[in-house]
Amino acid sequence: MGESSEDIDQMFSTLLGEMDLLTQSLGVDTLPPPEPKPPRAEFNYSVGFKDLNESLNALEDQDLDALMADLVADISEAEQRTIQAQKQSSQNQHHSASLQASNFSSAAPLGYGTNAAAIGISQYKEDLPPPPADPVLDLPLPPPPPDPLSQEEKEAQAKADKIKLALEKLKEAKVKKLVIKVHMNDNSTKSLMVDERQLARDVLDNLFEKTHCDCNVNWCLYEIYPELQIERFFEDHENVVEVLSDWTRDTENKVLFLEKEEKYAVFKNPQNFYLDNRGKKESKETSEKMNAKNKESLLEESFCGTSVIVPELEGALYLKEDGKKSWKRRYFLLRASGIYYVPKGKTKTSRDLACFIQFENVNIYYGTQHKMKYKAPTDYCFVLKHPQIQKESQYIKYLCCDDARTLNQWVTGIRIAKYGKTLYDNYQRAMAKAGLASRWTNVGTVSAAAPAQPAQSTGPKTGTSQPNGQMPQAAHSVSAVLQEAQTRAETWKDKKPALGNHHQPGTPRAPQAPKSSLPPPPPVRRSSDSSGSPATTPKAKGTAGGGFLSPPIDFLPPPPPPPPMDDPELPPPPPDFMEPPPDFVPPPPPSCAGTAGSELPPPPPPPPVLDPDSARPPPAVAKRPPMPPKRHENPAPPGGAGGGEQDFMSDLMKALQKKRGNVS
Amino acid sequence: MAGMKTASGDYIDSSWELRVFVGEEDPEAESVTLRVTGESHVGGVLLKIVEKINRKQDWSDHAIWWEQKRQWLLQTHWTLDKYGILADARLFFGPQHRPVILRLPNRRALRLRASFSQPLFQAVAAICRLLSIRHPEELSLLRAPEKKEKKKKEKELEEEVYDLSKVVLAGGVAPALFRGMPAHFSDSAQTEACYHMLSRPQPPPDPLLLQRLPRPSSLSDKTQLHSRWLDSSRCLMQQGVKAGDVLWLRFKYYSFFDLDPKTDPVRLTQLYEQARWDLLLEEIDCTEEEMMVFAALQYHISKLSQSGEVGEPAGTDPGLDDLDAALSNLEVKLEGSAPTDVLDSLTTIPELKDHLRIFRIPQRPRKLTLKGYRQHWVVFKETTLSYYKNQDEAPGDPIQQLNLKGCEVVPDVNVSGQKFCIKLLVPSPEGMSEIYLRCQDEQQYAHWMAGCRLASKGRTMADSSYTSEVQAILAFLSLQRTGGGGPGNHPQGPDASTEGLNPYGLVAPRFQRKFKAKQLTPRILEAHQNVAQLSLAEAQLRFIQAWQSLPDFGISYVMVRFKGSRKDEILGIANNRLIRIDLAVGDVVKTWRFSNMRQWNVNWDIRQVAIEFDEHINVAFSCVSASCRIVHEYIGGYIFLSTRERARGEELDEDLFLQLTGGHEAF
């Protein structure tokens with residue numbers, strides 16, 4: 001036993017050493033380890049400044065507060081991980097070190113907060129992960145692995161697995177984050193943190209949770225360029241950070257959160273786009289009568305075949321001439337491969353068409369009030385430009401339609417040509433979300449635990465509602481959403497016995513492709529925390545008002561729903577630790593996940609639930625008495641909190657535990 | 001029984017003599033004479049014939065064909081009376097399966113035995129099973145066009161006819177896979193070659209041939225093809241097809257169900273070939289930009305198919321970015337050697353530094369800025385290109401720095417003129433910067449070009465695909481050197497795998513007339529960079545998708561005359577709609593969707609099709625270029641295809657099909 005655990009220690013520290021090397025090699029900023037947190041935070045900040053977006057600079061205090069909550073959550077997570085790692089690698093050594101670290105953890109948020117407030121940044125990029133990784137490395141290294149290679153094959157295998165996990169972790173380490181200010185339609189703003197893997201869909205989901213809106217499919221993120229007077233909605237699959245990073249530093253561009261009928265109009269009334277006979281009155285009337293079944297089959301026909309059918313669209317539009325304020329009328333045709341026009345004196349047969357533009361490198365925007373700005377013939381304008389272009393330029397194409405209907409047809413047609421089936425997949429995901437949300441709110445208000453059932457029952461239903469021709473991809477993403485919902489549901493169901501469970505839903509995801517369309521774990525957790533119930537908003541405000549002393553609150557899953565499950569988790573570890581430490585040096589946390597967890601009475605659970613501020617202290621106090629576990633008590637919360645994200649350490653622990661099982 | 005005689009030799013029963021010729025419809029065939037009565041069963045007659053012939057042979061496939069009635073006597077329990085056969089009937093006792101030569105969608109010829117006695121629908125299903133093409137309902141047979149014998153004689157190439165006529169399929173079950181192909185193909189080297197022909201795309205055709213082949217010049221030319229479809233509900237024999245005839249096998253209905261690259265290699269390939277030939281022979285029109293994409297895909301496909309990389313994605317995994325690559329590298333290496341070496345190599349992201357001549361076009365075109373190319377010291381690192389006045393100033397501030405992420409990279413190359421330029425359109429907040437990099441030679445060009453391309457996609461030269469990208473560019477340049485001289489210019493390059501890129505073989509003849517080969521090649525190269533990472537099946541699928549995205553895709557044209565109209569018009573039949581098209585101008589006059597269709601009727605006497613749509617819209621027309629049976633079958637066929645569901649798999653409701661497409665025998 002003891003021997004094997006030593007091996008594991010060795011393995012672990014080798015691994016960490018390697019991670020360290022790797023981190024450096026990857027060009028991640030690594031700071032001298034001794035002083036882990038606060039300085040680094042600052043450093044990262046200043047790095048982030050380069051890319052700061054001044055328009056976002058003017059964050060109000062309360063925004064900052066809200067942000068702090070997010071930030072602190074991340075930081076403390078990192079800390080926790082560090083600590084946990086320490087604990088594992090060198091249980092008996094470095095007591096002081098870990099204590100120190102935990103001190104930092106409380107200090108860090110403060111420093112962070114003040115920094116942020118003083119500077120008034122709204123946006124930063126941070127390499128979060130490095131912090132966790134480095135400290136870990138240094139601490140474990142002391143007991144240097146004498147002979148890592150001498151290990152047996154079995155262990156080599158285990159090691160390989162762990163390396164994989166570590167690598168996953170490292171990948172996450174490179175995640176860039178951005179704080180964005182989103183304008184609501186009531187003229188208020190909300191700031192939220194978006195990491196570079198998040199798609200517009202994820203951000204929307206996040207906003208849904210923060211705003212308690214009805215989650216219908218029309219909600220969208222909307223970007224506005226005041227200077228060019230153009231605007232467009234983000235497609236749900238677009239990467240938000242990527243789009244925003246095209247903005248210049250001094251941009252006046254804004255992101256709005258609002259409802260736009262046009263976003264998915266084509267899926268609600270496909271006949272208006274596919275069966276429109278050049279805007280004849282009668283056809284309009286007849287087409288609007290189309291019944292649901294016909295719509296469905298039309299959609300299936302258009303979007304579920306081997307290739308997507310782009311609506312046939314042609315007609316005369318006005319084109320703004322390069323650099324002039326004059327508009328020329330030309331006959332344009334939309335094809336899957338681009339927009340074409342009929343050159344003078346030619347016919348509109350395919351062979352004569354001249355290519356006007358292809359969609360690969362351009363986005364489509366609505367032009368607002370171009371009649372005024374550019375003397376456009378009408379105000380129904382659309383604009384095609386490379387997303388990186390932010391100023392007036394000859395490379396921006398301005399087109400003008402006769403009426404709103406035509407404008408919508410063109411914009412939608414171009415979106416279909418550009419995005420293809422992705423658009424339909426987005427719509428289905430949005431629908432699934434909307435359906436889920438409506439059910440959720442119906443039942444959800446009754447009790448926090450209620451969502452479990454609706455989520456599960458919705459699952460199969462939304463699944464089957466997909467047409468047969470459905471692309472596997474879409475099915476996958478939808479089911480992923482549902483899976484998530486179910487996971488949550490499950491967590492609810494077996495609150496107490498589910499200690500192990502709580503980890504598992506997270507862990508299997510770890511190996512998944514990092515680019516999965518799912519919201520990256522950490523944000524998810526955060527959002528689900530703050531979401532679940534109406535309680536969130538008041539709470540958030542409280543935090544804002546209360547200043548920075550409360551940060552830790554936030555990283556504890558705060559509102560009613562999560563605590564019940566989190567708390568039971570928190571307690572178990574300590575008791576477990578108390579006994580084992582003497583026996584076997586490394587393992588504690590794993591055992592809590594599996595064996596010990598179920599037997600243990602959830603010790604100090606429910607009371608702290610409602611009061612976030614008090615939530616934090618109790619566990620700490622409760623656990624402190626037992627001497628040895630003392631430093632585990634801090635680690636423990638991360639285990640709980642980390643359940644939502646795939647915590648590398650917990651994975652490791654699992655591996656360790658498994659191993660221990662083998663040996664004994 | 002039959003044939004009781006009196007002593008004098010007269011027959012006293014009601015029996016009579018029936019003469020049956022043995023063999024296929026050949027007047028000089030041997031014949032046997034039987035004595036039968038009206039009550040004789042066909043089965044009994046068959047037995048007697050075989051006895052009479054008295055030859056050891058497998059007769060199981062033989063049946064009696066009644067020439068005058070153009071009918072097979074397949075109901076063995078029916079009596080002659082029931083069939084109405086009298087002594088004057090000309091009957092032939094011959095095989096039901098006879099060899100035909102199929103002209104496949106890829107234009108290769110294949111001899112096989114097809115059923116001459118089953119309705120064509122079943123015969124095609126059997127053929128498709130043999131060729132392992134799923135969903136045979138989408139295909140049918142056409143008569144070969146009549147040849148203009150005189151001209152063709154001069155250069156009738158002795159083409160290889162693949163032979164599958166000896167292959168027999170076990171009935172019923174789907175053929176099992178053996179050595180990566182259906183088991184019945186793996187019998188001999190010959191059949192194996194045949195499978196390769198079926199499942200792998202053919203090399204691009206000779207441009208000369210392409211120019212010689214007939215192409216439709218108008219809509220009415222496009223209607224010609226559709227007059228040749230055979231009737232699905234009748235057998236080949238009834239339609240006057242003879243053993244050894246040439247028939248075309250084509251996808252008839254443009255509604256391809258459940259196309260799956262994994263299970264459908266033959267189907268996918270043949271579909272690709274049909275699409276390709278459609279485009280090359282201008283059966284379907286596309287724009288110049290679209291043609292370049294099609295050409296690039298064809299080039300890519302033929303390259304992959306020739307190099308034998310059939311299964312897996314070509315070379316590298318496109319999703320592997322530098323970090324991933326580094327990590328997985330590490331993962332492997334950590335197991336063995338000392339990690340430091342690896343890490344060393346990981347830390348350095350390769351960069352390019354060199355003297356290049358640069359020509360920058362200012363954003364606002366000012367006059368007198370044509371300074372031409374200037375020598376600069378250029379450093380290309382990660383995705384950023386910086387240039388300096390000279391090498392000494394390199395550590396300082398560059399003249400300009402461009403992040404190539406999201407930029408457009410356009411080759412501007414003329415190999416014979418030794419011009420190797422890269423045109424970059426780099427987006428910036430203010431607009432696009434246009435800049436030309438001029439390289440000295442192919443090697444330099446290939447490296448910088450590959451770097452630019454990766455950078456435009458946000459990847460660095462550490463990316464795993466960098467080397468293969470460089471190789472691809474070099475290969476393409478060498479093609480330009482050997483190939484693109486012009487039509488009929490045979491490449492002398494020793495490199496077999498890249499042999500014969502003649503851009504003229506990849507585009508429709510009208511583009512051959514419009515562009516010189518050296519103009520085409522760079523454009524194809526440009527389009528190729530977007531598809532270079534696709535696997536064979538993916539590329540074929542992409543080709544088919546692009547084909548399906550053409551506005552005119554899947555429309556079969558028939559010349560008709562609408563009731564009440566005095567001129568001929570074109571009726572276009574697509575998988576979801578009927579289109580009335582002006583014959584002269586080609587404009588769409590009116591579209592009716594099948595989903596609004598109530599019923600359709602055919603008046604076989606006056607050859608008129610009448611269709612009723614929702615809201616009492618009635619349309620009637622008579623068919624001019626093809627028989628109304630063909631129009632009827634097209635409409636019924638599409639409606640049948642729309643009833644297919646994934647759940648049912650490949651099961652076919654043949655009765656429904658025949659009900660929807662047949663029905664004219666009654667008249």
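**Notebook: a two-chain predicted model**

I started at a strand pair in chain B: W66(B) stands opposite L91(B) in β5(B). The model is predicted, so I kept to its limits: local features need pLDDT of at least 70, side-chain atom pairs count only at pLDDT 80 or more, and totals for chains, interfaces and linings use all residues. Residues are numbered from 1 along each chain as its sequence is written, chains are lettered from A and ligands numbered from 1 in the order written, and side-chain values use heavy atoms, with hydrogens and water left out.

**Strand β3(B)**

I noted the terms first. Helices (H or I, at least four residues) and strands (E, at least two) are DSSP runs, numbered from the N terminus. Two strands pair if DSSP finds at least two bridges between them. Buried means under 20% relative accessible area, exposed over 50%, and partly exposed in between (1.4 Å probe, protein chains only).

I then looked at how β3(B) is joined to β5(B). They run antiparallel, with 5 bridges. β3(B) also pairs with β4(B) in the antiparallel sense, over 3 bridges. There, W65(B) has W72(B) as its bridge partner. β3(B) and β4(B) form a hairpin with 4 residues between them, and R70(B) in the turn has a positive phi of about 50°.

Next I checked burial. 5 of the 5 residues of β3(B) are buried, so the strand is largely enclosed by the rest of the structure. Both faces are covered: H62(B), I64(B) and W66(B) lie on one side, A63(B) and W65(B) on the other. In a regular strand the side chains alternate between the two faces of the sheet.

**Helix α1(B)**

I compared the span of α1(B), residues 42–53, with expectation. Its 12 residues should span 16 Å at 1.5 Å a residue, and its end C-alpha atoms are 17 Å apart, which agrees. The expected span is 1.5 Å times one less than the number of residues.

Which residues of α1(B) are buried? They are V42(B), V45(B), L46(B), I49(B) and I53(B). They cover an arc of only 100° around the axis, which puts them on the same side of α1(B). The arc is that of the directions from the helix axis to the C-beta atoms. On the other side, L47(B) and E51(B) are exposed.

I looked up what the buried residues of α1(B) pack against: β1, β2, β3, β4, α2 and β5 of chain B. After the helix comes N54(B), whose phi is positive, near 55°.

I moved on to β22(B), residues 577–581. 4 of its 5 residues are buried, so β22(B) is largely enclosed by the rest of the structure. It pairs with β21(B) in the antiparallel sense over 4 bridges, and the two form a hairpin with 3 residues between them. β22(B) also pairs with β23(B) in the antiparallel sense, over 5 bridges.

I followed I579(B) both ways. In β22(B), I579(B) is the bridge partner of G572(B). In β23(B), the bridge partner of I579(B) is T591(B). The hairpin of β22(B) and β23(B) has 6 residues between the strands, and G586(B) takes a positive phi near 85°.

**Helix α17(B)**

I ran the span check on α17(B), residues 628–642. Its 15 residues should span 21 Å at 1.5 Å a residue, and its end C-alpha atoms are 21 Å apart, which agrees. 14 of the 15 residues are buried, so α17(B) is largely enclosed by the rest of the structure.

**A buried aspartate**

Where does D231(B) lie? It is in the loop between α7 and β12 of chain B. D231(B) is buried, with a relative accessible area of 0%. Its side chain makes polar contacts with the side chains of S233(B) (3.1 Å) and R234(B) (3.2 Å). A polar contact is a pair of N or O atoms within 3.5 Å; within protein, one must be able to donate a hydrogen and the other to accept it, and residues adjacent in sequence count only if both atoms are side-chain atoms.

**Cores and totals**

I looked up the largest nonpolar core. It has 157 residues, and L424(B) and W547(B) have the most contacts inside it. Apart from it lies another core, of 48 residues, among them I224(A) and F359(A). A nonpolar core is a set of buried Ala, Val, Leu, Ile, Met, Phe, Trp, Tyr and Cys residues joined through side-chain atoms within 4.5 Å.

Chain A has 30 helices and 12 strands; chain B has 18 helices and 26 strands. Buried residues make up 59% of the 664 residues in chain A and 51% of the 667 residues in chain B.

Notes:
Contact = heavy atoms within 4.5 Å.
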